[in-house]
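Visitor: Please pick a single part of this model and take me through it closely. Then show me how the rest of the chain is put together around such details.

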Amino acid sequence: MTHPAVSLLADLIRRPSITPVEEGVLDVLEAFLAPLGFNCTRLKFEGDGSYPVDNLYATRKGSANSGPHLLFAGHTDVVPPGDIAAWTHDPFSGEIVDGMMWGRGATDMKSGVAAFCGAMAELVNSGALENGTVSLAITNDEEADAVNGTRKILEWADARGERFDFSIVGEPSSFETFGDSIKIGRRGSVSGRITVTGKQGHVAYPQRANNPMPVVAEIARALYVPLDEGTAHFQPTNLEVTSIDAGNPTANVIPEQASLRFNVRFNDNWTGETLLAEIHKRLGAVDARGTTIGFEQIGPVSRCFISPPEGHVAHLCDVMEAHNGIRPQLSTIGGTSDARFISQYCPVVECGLVGATMHQVNERVPVADVERLAAFYARYTEAFLSRGAQ
């Protein structure tokens, strides 16, 4: 008999929900969750310099209308498939071949969403869901701007008095096998552009010009001085220069202007404010050589966060070890995720499948792993609700 999570995942993959167009994928989820007793609210947010986004908030309160509150968060949007001709199977078919389901979003992260919903279908008749509240915050805006998605769902929920005790984000978190790792934090991220303006001139007469390139080189050298040595849960803060550009197509002209772009992934030694202050300090120490140096922050700062390894995190690890035979490693590596928004409201972890093929041509997931994840989500949800808010 096909597990409900597997059938749901196929239905979700068949909806080509490339950010931000949801293509009915939230209708599929609502049709699955509503019969399980979930109150589903569709939320459309727009503005703040980004595109409109459709979101879903679904909640189910136990019969006592009390007890702990578990939040599951995830996204249904996917990145484009790229060259469809390069795929072995249609990227929006949800086809199962030799125990493998193929399609865009199979790992990142429609499988996580389907597994959690399938777990709720397992639990609805057992009475386990009557011991507390389970909610789902599902957005179709995680892979791109992430402006009108999870952050605004949480702001909306907070304004109406929703309080969460713990949250699971169903992003791929495992390294080699399911359950070998969960993510309890993420580094922050900040990007910027530094522009140096000098004076254009002929390369044969450098005394009549002021080349900005040597200053840009000194700025790059100053930025690459190590920022820290890491912390208990995070690797060292890392700054990478991603481009140096003078927009100069000729070899005999000294450019008037040159720019440098960079990104920093920072640990909990820093906040966005203190890190930007350090960058400005380093810029101020560079000899401008008569040029002017300008700085522009690109995009918002993504905050660094860490969830306490004890309490709910330790309990989840206990359940995973009992369920899976291995205790997950606590990790903070990788890029940003929507967990950064949730961390302002409650402890949060990322707990999902192996992400080996995410964003690749021929993205796929073993069907058995989807069933395994759904079984774990069901076991953990039951244990969480029966344990109470701690």
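Guide: Start with a definition: a residue is buried under 20% relative accessible area, exposed over 50% and partly exposed in between (1.4 Å probe, protein chains only). E256 has 42% relative accessibility, so E256 counts as partly exposed. This is a predicted model, in which local features need pLDDT of at least 70 and side-chain atom pairs count only at pLDDT 80 or more, while totals for chains, interfaces and linings use all residues. Residues are numbered from 1 along each chain as its sequence is written, and side-chain values use heavy atoms, with hydrogens and water left out.

Stay with E256. Its place is the loop between β13 (253-254) and β14 (257-266). Helices (H or I, at least four residues) and strands (E, at least two) are DSSP runs, numbered from the N terminus. Setting aside neighbours within four places in sequence, E256 touches V196, T197, G198, K199, Q200 and P212. Contact here means heavy atoms within 4.5 Å. G201 is 55 residues from E256 in sequence, yet their C-alpha atoms are 7.7 Å apart.

Now step back to the whole protein. Its secondary structure comes to nine helices and 19 strands. The C-alpha atoms fill a box of roughly 85 × 50 × 40 Å along the principal axes. Of the 390 residues, 53% are buried. Take contacts between residues at least 6 apart in sequence: 80% of them join residues at least 24 apart.

V25, L26, V28, L29 and L33 are its buried residues. They sit on the same side of α2, because they cover an arc of only 155° around the axis. That arc is taken from the directions from the helix axis to the C-beta atoms. Their cover includes α1 (4-13), β1 (39-47), β2 (50-61), α3 (110-123) and β6 (133-139).

Next, the aromatic rings. Eleven aromatic pairs turn up in the whole structure. One of them is F166 with Y380: the ring centres are 6.3 Å apart and the planes stand at 65°, so the pair is edge-to-face. Rings of Phe, Tyr and Trp (its six-membered ring) pair if their centres lie within 6.5 Å; planes under 30 degrees apart are stacked, over 60 edge-to-face, the rest tilted. F166 belongs to strand β7 (residues 166-169) and Y380 to helix α9 (residues 367-387), so the pair ties together parts 214 residues apart in sequence. Both F166 and Y380 are buried. They also belong to one aromatic cluster with F72, F116, F178, F376, Y377 and F384.

Last, the backbone. Most residues other than glycine have a negative phi, and most peptide bonds are trans. T19 and P20 are joined by a cis peptide bond, with omega about 0°. P20 lies in the loop between α1 and α2. A cis peptide bond also joins D108 and M109, with omega about -20°. M109 is in the loop between β5 (100-102) and α3.

D48 has a positive phi, near 55°. D48 lies in the loop between β1 and β2. Its relative accessible area is 57%, so D48 is exposed. R289 also has a positive phi, near 55°. R289 lies in the loop between α6 and β15 (292-302). Its relative accessibility is 46%, so R289 counts as partly exposed.
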